[in-house]
Amino acid sequence: MSRDKTDLIRIAEKFEIEGELENVTPHGNGHINDTFLLTCRMTPEKVRKYILQRMNHEVFKDPAGLMENVMGVTTFLQKKIKENGGDPEREALNVIPIKGGGTYCKEEDGTFWRVYRFVENADSFDVVKRPEDFYESAVAFGHFQKLLEDYPAESLHETIPNFHNTIDRMDKFKKAVEADSMHRAAEVEREIQFVLEREEDCHVLCDMLASGEIPLRVTHNDTKLNNIMLDHETGKGICVIDLDTVMPGSALYDYGDSIRFGANTGEEDEKDLSKISCDLELFALYTKGFIEGCGGSLTETEIKMLPMGAKLMTLECGIRFLTDYLEGDHYFKIHRPEHNLDRTRTQFAMVKDMEDKWSKMQEIVEHYL
Ligand code: ADP
Ligand code: GN1
Ligand code: MG
């Protein structure tokens, strides 16, 4: 914990939390924000939990706009969930306001903070332990997108401009190679070549969005497995979390990013690349769940392009890890030297494996056409 506990307690107590704040502990494995679990004593038998988060304002340059998005989307989802007979306090994120008003606070040191109600009796996973969890996450992410089908996209702030613009990601990568500010380019020549050989791929989805062949939708854009809470009892994806990147995008981004992370037989930062591959059973399961969750809203072209979505989101993520490595690891949190390089290598091994299994991936998807 980079901050001392008293400081965290002081910040937490600015929010409308209920009960006596008993403990603050670091929580989760996100790569971007600093997340803490607040435990509050309500009665001798009962505690209430909250999530306190420092928003990463190096990554999200406009925290006010970001929180406007989060408020807009969560309010919209809560209303729909209520109409559908669900529990809006559990099935959507709930922002806890500041005492006296406001949705977040800014500290003197320039950091930004918010509090969410903790989603109880649910877990988020860093690896797929049971295939049915991955399937349920697919249904929930698909359904999330479906629920946002009529959300006013023009009201959303672009919290990270060009987030999944693979052409722009390629340009930034090339600039990082050229600048080589950390003198690391020579040692990653193989990885650099791997990216450059796939320059054409980077244009595919951007061109299709630009020509209108695939539609722009309101999407989550960060659909890895640990951004969904799975219910302890039912096993269903009860709540989609980490809404910082909800922006106009493509359904293929949401589908692809989940495959990138969850259908990989190894972890995102696995050092032993022989453990990395694209598990076609998990791929098939997620495809089924996502198409079902989207409730018939995906177009034929989108379905046809699903394998490309998976490959491009994996390639893009590898490019982002490698760019960060070349620039000195300023974006993603790292927990060891070369962490971003290890992550890069798993992504590229996954891309390569997808290329080898391309016709099988297409066959699986064609089943839904
Ligand atoms: P990051 O952007 O850093 O990934 P997240 O918002 O995803 O931050 O939070 C990090 C982790 O904290 C999540 O993967 C999840 O395990 C946990 N978490 C976040 N919000 C909640 C919540 N409202 N209820 C329960 N757990 C949460
Ligand atoms: C980050 O915030 P988190 O850990 O859920 C990143 C994603 C990457 C992912 C790779 C805002 O997700 O885009 O795909 O790491 N989020 C942001 O694990 O950049
Ligand atoms: Mg997250």
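The questions and answers below go through a metal site, a sheet, a helix and the cysteines.

Analyst: This is a predicted model, in which local features need pLDDT of at least 70 and side-chain atom pairs count only at pLDDT 80 or more, while totals for chains, interfaces and linings use all residues. Residues are numbered from 1 along each chain as its sequence is written, chains are lettered from A and ligands numbered from 1 in the order in which they are written, and side-chain values use heavy atoms, with hydrogens and water left out.

User: Which residues coordinate the magnesium ion (ligand 3)?

Analyst: Donors are N, O and S atoms within 2.8 Å of the metal (3.2 Å for Na, K and Ca); water is not among the atoms, so sites may look incomplete. Here the donor atoms are OD1 and OD, at 2.2 Å. They belong to Asn227 and Asp242.

User: How many residues apart in sequence are the parts that this pair ties together?

Analyst: Asn227 sits in the loop between strand S8 (217-219) and strand S9 (228-231). Asp242 sits in the loop between strand S10 (237-240) and strand S11 (247-249). Strands here are DSSP runs (E, at least two residues), and helices are runs of H or I with at least four, numbered from the N terminus. So the pair links parts that are 15 residues apart.

User: Is Asn227 buried or exposed?

Analyst: Buried means under 20% relative accessible area, exposed over 50%, and partly exposed in between (1.4 Å probe, protein chains only). Asp242 has 24%, so Asp242 is partly exposed. Asn227 has 5%, so Asn227 is buried.

User: Which residue in S10 is the bridge partner of Met229?

Analyst: S9 and S10 run antiparallel. Three bridges join them. The partner of Met229 is Cys239.

User: What is the relative accessible area of Glu136?

Analyst: Glu136 is in helix H4 (residues 131-147). Not counting residues up to four places away in sequence, Glu136 touches Leu230, Gly235, Lys236 and Gly237, where contact means heavy atoms within 4.5 Å. Glu136 counts as buried, because its value is 14%.

User: How many disulfides does the structure hold?

Analyst: A disulfide is a pair of cysteine sulfur atoms within 2.5 Å. The sulfur of Cys202 is 8.1 Å from its closest cysteine sulfur, in Cys206, so that is too far for a bond. For Cys40 the closest is in Cys105, at 15 Å, also too far. The number of disulfides is zero.

Notes
Two strands pair if DSSP finds at least two bridges between them.
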